Amino acid sequence: MVVLPYTVAFLLLSFLQTVKITNSQSFIGINYGQVADNLPPPSSTAKLLQSTSIQKVRLNGSDTAIIKALAKTGIGIVIGTANGDIPGLASDPNFAKSWINTNVLPFYPASNIILITVGNGVMTSNDQNLMNRLLPAMQNVQNALNDASLGGKIKVSTVHSMGVLKQSEPPSSGSFDPSYGDLMKALLEFSRANGSPFAINPYPYFAYRSDTRPETLAFCLFQPNAGRMDGNTKIKYMNMFDAQVDAVYSALNSMGFKNVEIVVAETGWPFKGDDNDVGPSIENAKAYNGNLIAHLRSMVGTPLMPGKSVDTYLFALYDEDLKPGPGSERSFGLFKTDLTMVYDFGLSTSSQTQSLAKAAQPSPSPAPAVTATNTITSNNGSNTSTSTGTGTGTGTSTSSSTNNISISSGSGSNKVYLIRIFNLGFLYGFMRLSLICLFFYNLQT
């Protein structure tokens with residue numbers, strides 16, 4: 001019986017480690033934009049991020065102060081080259097080496113740089129010279145990483161708007177614009193050869209702006225709705241995010257690249273806007289981001305990619321007060337510059353430890369089915385880009401009833417609690433069973 005205290009200690013340590021793994025959502029990231037003149041210092045932001053379950057941060061550029069501040073936090077960092085750097089990167093391998101020597105080598109591996117994005121929205125920029133230089137630029141950056149023995153450790157990609165799709169409705173018919181044909185194929189061959197992701201910016205918010213019916217809003221916000229049927233697959237889509245991501249998957253599949261990983265580089269919802277802006281509100285932003293996070297945590301995946309959650313970078317950490325365009329463009333921030341939350345979206349460590357007995361908010365009544373294809377324009381990030389909203393899609397649900405509970409009930413916070421209850425219940429049950437087994441084992445010895 002002397003061994004029992006040590007056994008209990010071991011089980012407790014194992015339990016805590018399991019809880020840590022369970023609460024660590026490596027697929028949830030956030031965009032950290034700097035088009036602002038009122039942002040808190042990077043050191044404060046690093047501490048803020050450590051108080052959340054956010055595991056990855058995407059920068060539009062390569063701000064060295066931010067990269068340094070995130071050192072030894074374990075947070076994955078995505079850095080990017082400007083579109084203006086692409087011609088130099090493409091024509092001069094030494095420029096690419098210099099870029100890596102300046103922006104990566106002094107900080108890695110203390111700063112966990114995981115991905116370099118070469119440009120943003122290049123394919124839909126209508127700049128043919130830039131488009132033609134994109135792949136050579138990516139290849140030179142990859143070669144520079146290889147020369148520094150970082151090939152495979154840090155990936156190289158570029159970020160696309162949904163405008164690269166010619167067809168997105170229904171999701172199973174998703175296809176790339178044929179005008180990008182050879183170039184897109186070459187980019188995807190690069191991705192497959194180097195294990196790099198296909199980064200895309202789906203925004204259900206912009207799809208709603210072009211179709212403002214209540215049923216479309218419910219579909220975009222992961223709220224109860226009648227669903228939209230994909231007539232080809234007979235799959236019923238219950239939210240716009242899944243429909244958009246599956247349209248991208250179908251486009252990749254149609255070109256023979258279904259195994260290229262999809263990463264959602266940006267997605268979000270503004271909490272305020274100008275008087276003529278349609279859709280921005282605290283309630284809608286909280287519903288979208290909270291329900292999206294719950295959906296990702298459920299690991300239900302999308303109908304065409306079940307059982308896993310794609311890496312998703314929320315937009316954005318802070319408002320960017322210097323961005324041009326309508327007021328909504330400056331109001332995507334999840335945190336205020338005083339480091340407090342704009343609204344509780346379910347990723348703060350403190351919010352995760354709140355009582356599970358919070359009163360549930362009433363759910364809106366189901367909305368009727370609709371079919372609509374939406375083509376819209378977004379200018380999130382540092383570059384203006386066209387985005388195609390997948391608004392149609394329907395079908396029979398392939399999700400289990402357990403997953404349906406976690407992604408279609410009331411508010412986002414309540415969904416998070418349901419998932420957490422399941423996780424903790426499983427862990428407590430496992431611990432009890434282990435203790436009982438070891439107790440009888442020690443009795444016999």
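Student: How much of the contacts in the chain comes from residues 24 or more positions apart?

Tutor: In this predicted model, such pairs make up 72% of the contacts with a separation of 6 or more.

Student: And how many helices and strands are there in the chain?

Tutor: The chain has 14 helices and 16 strands.

Student: What share of the residues is buried?

Tutor: Of the 445 residues, 53% count as buried. The accessible surface of the chain is about 18400 Å², and carbon and sulfur atoms hold 55% of that area.

Student: Let us turn to α11. Where is it, and how many residues does it have?

Tutor: Helix α11 covers residues 282–298, which is 17 residues. From its first C-alpha to its last it reaches 24 Å, close to the 24 Å expected at 1.5 Å a residue.

Student: Is α11 mostly covered or mostly uncovered?

Tutor: Helix α11 is mostly covered, with 14 of its 17 residues buried.

Student: What comes just after α11?

Tutor: Met-299 comes there, and it takes a positive phi of about 60 degrees.

Student: A new topic: where is Arg-58?

Tutor: Arg-58 belongs to strand β2, residues 56–58.

Student: Why does Arg-58 count as buried?

Tutor: Arg-58 counts as buried because its relative accessibility is 3%, and the cut-off for buried is under 20%.

Student: Which residues does Arg-58 touch?

Tutor: Leaving out residues up to four places away in sequence, its contacts include Ile-30, Tyr-32, Asn-120, Glu-266 and Tyr-313. Ala-265 is also among them, and the backbone oxygen of Ala-265 lies 3.3 Å from a polar atom of the Arg-58 side chain.

Notes:
Residues numbered from 1 in each chain as written. Predicted model: local features only at pLDDT ≥ 70, side-chain atom pairs only at ≥ 80, totals over all residues. Heavy atoms only, no water. Helix = DSSP H or I, 4+ residues; strand = E, 2+ residues; numbered from the N terminus. Buried < 20%, exposed > 50% of the residue type's maximum accessible area, 1.4 Å probe, protein only. Contact = heavy atoms within 4.5 Å. Areas by Shrake-Rupley, 256 points an atom, 1.4 Å probe, with all protein chains shown as cover. Expected span 1.5 Å × (residues − 1). Polar contact = N/O pair within 3.5 Å; in protein donor to acceptor, adjacent residues only side chain to side chain.
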